[in-house]
Amino acid sequence: MLLFLFNNLRHIFFSKHRKIESKEKLPVTLIVTACNEEKILEQKIKNTLAIDYPEDKLKIIFVTDGSSDGSMQLIGQYPSIMLMHQQERKGKFAAIKRAMQRVDTPVVIFSDANTMLNKESIEYIASHYHDLKVGGVAGEKKILLNNNISAVGEAEGLYWQYESSMKKLDAGFNTVVGAAGELFSIRTELFKEYDDSLILDDFVISMQVCLQGYRIAYEPGAFATESPSASLYEEEKRKVRIAAGAYQSVGYLKNCLNIFKYPLLSFQFFSRRLLRWIFCPVMLAILFFANIFIVSKQPVNDFYLWFMYAQLSFYILALAGWLLVTAGRRIGLLAIPFYFVFMNYCLVKGFTKFLKGRQSVLWEKSLRQAIE
């Protein structure tokens with residue numbers, strides 16, 4: 001709400017920032033990490049080769065570390081793609097570090113094997129780098145939707161629409177606070193190496209750009225499309241892993257809280273990430289039980305009584321949404337309370353796994369719904 005008000009006031013009283021345009025196209029490298037993605041890899045390859053960008057300006061690297069299927073043979077059929085493979089699987093960030101050693105372009109773009117990019121994505125992303133203050137660019141993630149979409153996919157789609165709107169507000173205020181790994185980019189020189197235990201590589205890589213004095217731009221014209229999770233179990237598995245990685249990343253990014261060195265970034269990092277990841281699940285419980293305690297005392301102000309009814313109604317709607325999802329039914333607007341509670345449940349579960357050190361750096365592939 002604060003960013004919405006601030007951005008609109010700035011738009012009224014100050015000239016709107018315009019993206020610097022140039023006919024010159026920068027050389028870029030696209031890195032795609034894939035582990036046993038043979039079923040979708042050919043579609044990803046064709047999608048990548050169909051991107052509208054000069055061939056002499058685009059270098060493509062696919063990394064298949066740890067793959068035991070036919071991924072290597074499939075990629076080998078395309079001489080325009082550089083294949084990097086080793087038998088040992090150390091995790092996604094380790095694969096990215098190896099690929100970065102082969103990058104000789106000023107800009108590098110990261111993408112996942114199971115997401116498809118629009119043809120103009122690289123051109124839109126690269127155009128931002130003519131602004132010397134831009135150190136990274138976050139693309140938009142979209143969930144493929146149709147009339148046969150599952151209830152989980154419906155809720156996931158709404159969530160990413162909300163995330164996209166938040167990224168626009170962040171970028172309008174100062175910088176995007178972390179990019180999604182499906183499609184994001186940085187200046188090659190700003191890449192920082194960490195140990196292979198890093199879980200949430202996309203978030204940490206992009207935030208390190210901000211810590212070096214640059215901002216991350218947001219480009220909705222460059223988007224990655226992905227099928228929704230096949231079931232609630234698969235979505236929970238993915239969200240819990242991301243949550244565990246989020247708590248781990250706080251240790252890597254503690255300098256983001258230096259309000260004297262990064263006044264705008266620290267405000268964004270605290271409010272956009274820490275309040276949401278760490279405080280929100282705890283405060284929801286405190287809010288609910290404190291409300292019950294106050295209402296139990298006599299006499300009680302009507303405000304607290306109606307606020308308790310509102311909380312109870314919200315959680316009842318979330319429960320109804322969960323029952324419908326588990327029954328395989330569409331839930332419509334119930335997706336909002338359901339997914340909100342579901343996300344906070346995953347944060348708690350992810351925090352537990354983080355504390356116990358039980359979250360592996362190796363991604364366990366989540367099954368995706370087949371969209372016709």
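**Salt bridges and burial**

Reply: The side chains of Lys92 and Asp201 form a salt bridge, with N and O 3.9 Å apart. This is a predicted model, in which local features need pLDDT of at least 70 and side-chain atom pairs count only at pLDDT 80 or more, while totals for chains, interfaces and linings use all residues. Residues are numbered from 1 along each chain as its sequence is written, and side-chain values use heavy atoms, with hydrogens and water left out.

Me: Why is the pair Lys92 and Asp201 called a salt bridge?

Reply: The term requires a side-chain nitrogen of Lys or Arg within 4 Å of a carboxyl oxygen of Asp or Glu, and the N to O value for Lys92 and Asp201 is 3.9 Å, so the pair qualifies. Lys92 lies in helix α4 and Asp201 in helix α7, so the bridge ties together parts that are 109 residues apart in sequence.

Me: Why is Asp201 called buried?

Reply: Buried means under 20% relative accessible area (exposed is over 50%, partly exposed in between, with a 1.4 Å probe and protein chains only); Asp201 has 3% relative accessibility, so this residue counts as buried. Lys92, at 16%, is buried by that rule too.

Me: What makes Arg276 and Glu163 a salt bridge?

Reply: Their closest N and O atoms are 2.7 Å apart, which meets the cut-off. The pair links helix α9, which holds Arg276, to helix α6, which holds Glu163, across 113 residues. Glu163 is buried at 3% relative accessibility, and both residues belong to a network of salt bridges that also includes Lys167, Asp170 and Arg272.

How values were computed
Helix = DSSP H or I, 4+ residues; strand = E, 2+ residues; numbered from the N terminus.
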